[in-house]
Amino acid sequence: MTASFTPRGATLKSRMAPVGAIAVVGVLLLTGCGDQTDKATGGSNSNSAPLFNQLPKEIQSAKVIKVGSDINYPPVEFKKNGQVMGIDPDIADALGKQLGVKFEFNNGTFDTLLSGLRSKRYDIAMSAMTDNKGRQEGVDPDTGKKAGEGVDFVDYFTAGVSIYTKKGANSAIKTWDDLCGKKIVVQRGTVSHDLAKSQSKTCQKNGKGKISVEAFGNDTEAQTRLRGGGAVAGSSDFPVAAYAVKTSGGGKDFELVGDQVEAAPYGIAVAKKNTQLRDALKQALALIIANGEYDKIIAKWGVKDGAVTKAIINGGK
């Protein structure tokens, strides 16, 4: 898929700066890196994996990393014929080969994943989760106040937010400003949700009427609402919106409008105290970037514009 990123004031985040990962690998090899279980993905259960010894002892013993994920966000993670698939599971599988453990995906609603991580229900959260300062610091996006312990992120992809409408129904909508006085559907707790609420305040300030924001537990529910005429537009991360446009109704239901905004990294969320696991994941990501496995996965899902070239911790702003 191709994408254009258009600034929206000072909120646009730049993509990862290209840097070589080959040199990193030499160093790494010398140093050694309610819910239901839906899928275990990953490499061998042997300590012969290059980074097995970099993992915390309890994960070495279990040979499993428990992943909290909202498995209803195609093409990032979704179910098909009972199997979990998508960008995130494929990347997790490649990481598992370097770490010598399996990644076990457990389904949960998106807005409960970080609390599940904090309560140790999961070892990590991997679910198209945008890395930003608020999540790093545990700040509530609505109140701006501390709401809990923050998390660290290992950044592995970059995506912006897109608006989509029923096909041919709302040609006047091109930007977020065009949504003033109208209704939009989003997934609860996402960047699209935060952006819609923020834009609504801007609309009111400018005397254009607030945006009516209806939030759902998953993106599929939001799409169903829009398809049925319950709103004039929906918003989600670009890969997800583009996938919905391509596949829903055989490509006849929706269309993308305007440009992608708010480009920012997706991150694997890890508890602040679990620095050993965080660092092992970073090293594993650096290895699959260097050996070409990462690029193969990104190409498979047609999202090359979102690829990163370096493993970074807490790159979100």
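A disulfide is a pair of cysteine sulfur atoms within 2.5 Å, and the close-up views below, all taken from a predicted model, begin with that feature.

**View 1. The disulfide between Cys 180 and Cys 203.** The structure holds one disulfide, in which the sulfur atoms of Cys 180 and Cys 203 lie 2.0 Å apart. The link is left-handed, with an angle of -75° about the S-S bond, and it ties together distant parts of the chain, since Cys 180 sits in the loop between β7 (151–166) and β8 (183–187) while Cys 203, 23 residues away, belongs to helix α6 (residues 191–205). Are these two cysteines buried or exposed? Cys 180 has a relative accessible area of 10% and is therefore buried, and Cys 203 is likewise buried, at 0% relative accessibility.

**View 2. Strand β2 and its parallel partners.** Strand β2 (residues 64–69) runs parallel to strand β5 (residues 102–107), and six bridges join the two; within this pairing, Ser 69 has Asn 107 of β5 as its bridge partner. Strand β2 also pairs in the parallel sense with strand β6 (residues 124–125), here over two bridges, and Gly 68 stands opposite Ala 125 of β6.

**View 3. The surroundings of Asn 218.** Asn 218 is found in the loop that runs between β9 (212–216) and α7 (219–227), and with a relative accessibility of 14% this residue counts as buried. A polar atom of the Asn 218 side chain lies 3.1 Å from the backbone nitrogen of Thr 220. Which residues does Asn 218 contact when its neighbours within four places in sequence are left aside? They are Asp 70, Asn 72 and Gln 187.

**View 4. Ala 159 and Gln 260.** Ala 159 lies in strand β7 and is buried, with a relative accessible area of 6%. Although Ala 159 and Gln 260 are 101 residues apart along the chain, their C-alpha atoms are separated by 8.6 Å.

View 5. Most residues other than glycine have a negative phi, and most peptide bonds are trans. Against that background, the peptide bond that joins Pro 74 and Pro 75 is cis, with omega at about 10°, and Pro 75 is found in the loop between β2 and β3 (78–80). Ala 128, in the loop between β6 and α5, has a positive phi near 50°, and this alanine counts as buried because its relative accessibility is 4%. Glu 262, whose place is in strand β11, also has a positive phi, near 60°. Is Glu 262 buried or exposed? Glu 262 is buried, its relative accessible area being 12%.

Key: Residues numbered from 1 in each chain as written. Predicted model: local features only at pLDDT ≥ 70, side-chain atom pairs only at ≥ 80, totals over all residues. Heavy atoms only, no water. Helix = DSSP H or I, 4+ residues; strand = E, 2+ residues; numbered from the N terminus. Buried < 20%, exposed > 50% of the residue type's maximum accessible area, 1.4 Å probe, protein only. Pairing = 2+ DSSP bridges. Polar contact = N/O pair within 3.5 Å; in protein donor to acceptor, adjacent residues only side chain to side chain. Contact = heavy atoms within 4.5 Å.
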